[in-house]
Amino acid sequence: MSFVQKKCVTIIVESSIQSSVIKEIKTLGISGYSLSSCRGEGAHGLRIGDWSQNQNSVITIICSEELSVKIMPHIHDKFSENYALLIYASDVTVLRDKKF
């Protein structure tokens, strides 16, 4: 069993555009993602999820570093001007390298 280093790219975005963001990351070559909802407060105000336009989605992608540096600026450039958006990456260690 060998460990492999990957990047975990996390995108927090308004739920209203989650399908558009997912469509974009798929065009960049991701093999999969996880999706969850979240609540919180930031520069765009409080999002408590009490109605569909007041919800955020978290899209999590584990991928190569090369793919992470394609995803982050692409999504930022396409969506950040008009929507609440946060993107960050962190190092992760995985076991099943071929899965990613």
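Q: Which residues does Val-9 touch, not counting residues up to four places away in sequence?
A: Val-9 touches Ile-59, Thr-60, Ile-61, Cys-63, Ser-68, Ile-71, Met-72, Ile-87, Tyr-88 and Ala-89, where contact means heavy atoms within 4.5 Å. This is a predicted model, in which local features need pLDDT of at least 70 and side-chain atom pairs count only at pLDDT 80 or more, while totals for chains, interfaces and linings use all residues. Residues are numbered from 1 along each chain as its sequence is written, and side-chain values use heavy atoms, with hydrogens and water left out.

Q: Why is Val-9 called buried?
A: The relative accessible area of Val-9 is 0%. Buried means under 20% relative accessible area, exposed over 50%, and partly exposed in between (1.4 Å probe, protein chains only). Val-9 therefore counts as buried. Its place is in strand 1, residues 4-14.

Q: How far apart are the C-alpha atoms of Val-9 and Ile-71?
A: The two C-alpha atoms are separated by 8.3 Å, although Val-9 and Ile-71 lie 62 residues apart along the chain.

Q: What makes Thr-10 count as buried?
A: Thr-10 has a relative accessibility of 6%, and is therefore classed as buried. Thr-10 also belongs to strand 1. Leaving out residues up to four places away in sequence, its contacts are Val-58, Ile-59, Leu-86, Ile-87 and Tyr-88.

Q: Why is Asp-97 called partly exposed?
A: Because its relative accessible area is 34%, Asp-97 is assigned to the partly exposed class. Asp-97 is located in the segment after strand 6 (85-94). Beyond four places in sequence, Asp-97 touches Val-4 and Lys-6. Its C-alpha atom is 9.8 Å from that of Ser-64, 33 residues away in sequence.

Q: With which residues is Val-4 in contact, leaving aside its neighbours within four places in sequence?
A: Val-4 is in contact with Val-92, Thr-93, Val-94 and Asp-97. Val-4 is found in strand 1. From C-alpha to C-alpha, Val-4 and Leu-95 are 6.2 Å apart in space and 91 residues apart in sequence.

Q: At what angle do helix 1 and helix 2 pack?
A: Helix 1 (residues 18-27) and helix 2 (residues 65-79) pack at an angle of about 140°, and their axes are 10 Å apart. That angle makes helix 1 oblique to helix 2, since angles under 35 degrees count as roughly parallel, over 145 as roughly antiparallel, 65 to 115 as roughly perpendicular and the rest as oblique.

Q: Which residues make the contact of helix 1 and helix 2?
A: Helix 1 contributes Ser-20, Val-21, Glu-24 and Ile-25, and helix 2 contributes Ile-71, His-74, Ile-75, Lys-78 and Phe-79. These residues divide into five nonpolar, two polar and two charged.

Q: How many helices and strands are in the protein chain?
A: The protein chain has two helices and six strands. Helices (H or I, at least four residues) and strands (E, at least two) are DSSP runs, numbered from the N terminus. Along the sequence, their pattern is β-α-β-β-β-β-α-β.

Q: What percentage of the residues of the protein chain count as buried?
A: Of its 100 residues, 33% count as buried. Among the contacts with a separation of 6 or more, 77% come from residues 24 or more positions apart.

How values were computed
Axes are lines fitted to C-alpha atoms, for helices over the stretch in contact, and angles run from 0 to 180 degrees between N-to-C directions. Ala, Val, Leu, Ile, Met, Phe, Trp, Tyr, Cys and Pro count as nonpolar, Asp, Glu, Lys and Arg as charged, and the others, Gly among them, as polar.
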